[in-house]
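Grab a pencil and work through these exercises with the model open beside you. Try each task before you read its solution.

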Amino acid sequence: MPDLLLELFCEEIPARMQAGAADSLKKLVTDALVERGLLYEGAKAFVTPRRLALAVHGLPASQPDTHEERKGPRVGAPQAAIDGFLKASGLASIDQAKVESDPKKGEFYVAHLHRHGRPTPEVIAEIVPAIIRAFPWPKSMRWGSGSLRWVRPLQSIVCTFGPETEEPEVVPFEIDGLRSGDVTRGHRFLSSGAIRVRRLDDWMTKLEAAFVVVDRERRKDIILADARDLALAHGLELVEDAGLLDEISGLVEWPVVLIGAFDEGFLDVPDEVIRATIRANQKCFVLNDPKTGRLANRFILVSNLAAKDGGDAIVAGNGRVIRARLSDAKFFWDTDKKTNATVPLADRLAKFQNVTFHEKLGSQFTRIERIAALAKTLAPRVGADPALAEQAALYAKADLRTEVVGEFPEVQGLMGKYYARLEGLPEEIALAAEEHYKPQGPTDRVPVAPVSVAVALADKLDTLTGFWAIDEKPTGSKDPYALRRAALGVVRIVLDNGLRLKLSEFVEPDLLAFFADRLKVHLREQGARHDLVDAVFALEGQDDLLLVVKRVEALGRFLRTEDGKNLLAGTKRAANILRIEEKKDGVSYGGGVDITLLREPEERALADAIAKAGPLIATALSAEDFEGAMGVMASLRAPVDAFFEKVTVNAEDKALRANRLALLADIRAITRQVADFERIEG
């Protein structure tokens, strides 16, 4: 079957946009093909700094033929109706339609329409220009006199289609004077001249010969393997950095890994600051010395070309820039150490009075005081010393006013730890300074030291309650104050540390619902069902996240059993009947069952089972024995099944009907001790 090759060649694409652009191109093109009946066997997108490409394998040569029957007006209908039918069906005359009969509607016209599928290249020539013109770049530009917007000036388009056994054809189209073809170019500096390509394997082979590795993941593998090998050759270890590796792979088409050095005197600066400045300014990796456990005075850089001098000039140029940047970092570090020797960080807290946290939430100083008070309150609940937690919270933000953090904001918190140790403060305070920002993402570690936990929770809860109070809540995809991340951080800290914390003591009900949403996200990533979280949170007083999770887990295990599945079905049936009858009668059934009206053995057995199970479930739940509560719930399965099999709820006798509806209400009530079964799917 034929394959499609599409390459969009342009000036340098920003590294941060490349992965998203490759995904978008693949989705937009393949979706458009499928919508037009062109199913394919496989597709892969490629991206380098200067090209965005897509290969689609196993496409048909043309769209499938389609057959459609279009029903028209009745025979003898007004001419206007017939003319409209002819126009919509593409028929020249009503004689081209067939007459069919219907016993109820009589005779009517039917158009049998057969359409031949268009050749695939014709379809591609239609969809690709439209996708290019509407491509969702985060930022785009226009150039020259054309109207096309692209991330950088688009220079050429390769678009070929054909089977492996034949010479592929160029799919012809034009965008702003730029015609599609089968010619591309190689590396900007290491290759020259046009390169004619046919299909994917030919394109990849010829570009590699022209010093372009088109597969992004392969470029990453080359960089990582060569960097590890080069580090090992010097007796060192590469400090791996997935984010930096991603970025560098988007800066080079032909990665060449080199090693450089800087003055050993800079190793007096904390490792994290050295790494931050080398990473941010020169996009270079740093190396560990296994003998010392600290950074070595070496760095790994990735060049986009193989230089004639072996890269000596490139290494020297990067070394000069790194030396200048590290000189700045050392100056800031030395300045902070001198200042701390005379004015401890805690004594500079008053300077935060002139720093606005948010115009509606006051200064950083008032916020720090709020966090300290909250950390002191939380401390006994997380096993921390209240006075130490308060002191740690007052200190935790102090490094924001230091020279190093002013220049390298990414090391805030971490520098607080270093400065606390220089001042001889308790290690709990030093750790809290670093860890109170954590976790900052789903893969970031969670603080476990009690003082750190108290300050981290206080920091996040203050952020959430503050912005909730001024109605600055996340909307859609917008979350400028990272409130979702803060709430998920609270969830992870509570669960990972097994904390018993009633959130309702600290947050409003609508904010508690926001925590429920974040908990659903967290549990869903671990394979849990979101509907079970909804079912548990629907109960009153569910503000203890740890207990909610334990209840959800027990409920999930119960519903995987036959007793659980059948009881769920019976409970939902009872709830549906109640909802219908309560709406019709305008009343809410409940308030107990009249045992004198229990006529059938099955309804008496169900009433007895509910009366017996109720106290047992309540006792188990009060002891937080959720497995025990589920075990008692399982005993209701048989009497509920028997009731629905043998008893008619909507009896003609009104009193009997009302009593049986009250019995259904008892089923609803007893199951709601555990969860709202109506919110459970299935």
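## Exercise 1: Rings that pair up

The count comes to twelve aromatic pairs, where rings of Phe, Tyr and Trp (its six-membered ring) pair if their centres lie within 6.5 Å, and planes under 30 degrees apart count as stacked, over 60 as edge-to-face and the rest as tilted. This is a predicted model, so local features need pLDDT of at least 70 and side-chain atom pairs count only at pLDDT 80 or more, while totals for chains, interfaces and linings use all residues. Residues are numbered from 1 along each chain as its sequence is written, and side-chain values use heavy atoms, with hydrogens and water left out.

**Task.** Work out how the rings of F467 and Y481 are arranged, and where each residue sits in the chain.

**Solution.** 
1. Start with the geometry: the two ring centres are 4.1 Å apart and the planes make 15°, so F467 and Y481 are stacked.
2. Now find the residues. F467 belongs to helix α14 (residues 450–469), and Y481 to the loop between α14 and α15 (483–496). Helices here are DSSP runs (H or I, at least four residues), strands are too (E, at least two), and both are numbered from the N terminus.
3. Finally, check the cover. Buried means under 20% relative accessible area, exposed over 50%, and partly exposed in between (1.4 Å probe, protein chains only). F467 counts as buried because its relative accessibility is 3%, whereas Y481, at 32%, counts as partly exposed.

**Solution.** 

## Exercise 2: Charges over rings

**Task.** Which ring does the charged end of K71 sit over, and which one does K417 sit over?

**Solution.** 
1. Here's the rule: NZ of Lys or CZ of Arg must be within 6 Å of the ring centre and within 35 degrees of the ring normal.
2. For K71, the ring belongs to F108, and its centre is 4.5 Å away.
3. For K417, the ring is that of Y418, 5.7 Å from the charged end to the centre.
4. K417 turns up again elsewhere: leaving aside neighbours within four places in sequence, E434 is in contact (heavy atoms within 4.5 Å) with G413, L414, K417 and R445.
5. E434 itself is in helix α13 (residues 427–435), and it counts as buried because its relative accessibility is 16%.

## Exercise 3: Two helices meet

**Task.** Describe how helix α18 packs against helix α21.

**Solution.** 
1. Helix α18 (residues 545–559) and helix α21 (residues 626–634) lie with axes 9 Å apart and an angle of about 35°. The axes are lines fitted to C-alpha atoms, for helices over the stretch in contact, with angles from 0 to 180 degrees between N-to-C directions.
2. The crossing of α18 past α21 is right-handed, meaning the near helix is turned clockwise from the far one by less than a right angle.
3. On the α18 side you'll find L547, K550, R551, A554, L555, R557 and F558, and they meet F626, E627, M630, M633 and A634 of α21.
4. Sorted by class, this contact has eight nonpolar, no polar and four charged residues.
5. Stay in α21 for V632: it counts as buried because its relative accessibility is 16%. Beyond its neighbours within four places in sequence, V632 touches A613, L616 and I617.

Methods
Ala, Val, Leu, Ile, Met, Phe, Trp, Tyr, Cys and Pro count as nonpolar, Asp, Glu, Lys and Arg as charged, and the others, Gly among them, as polar.
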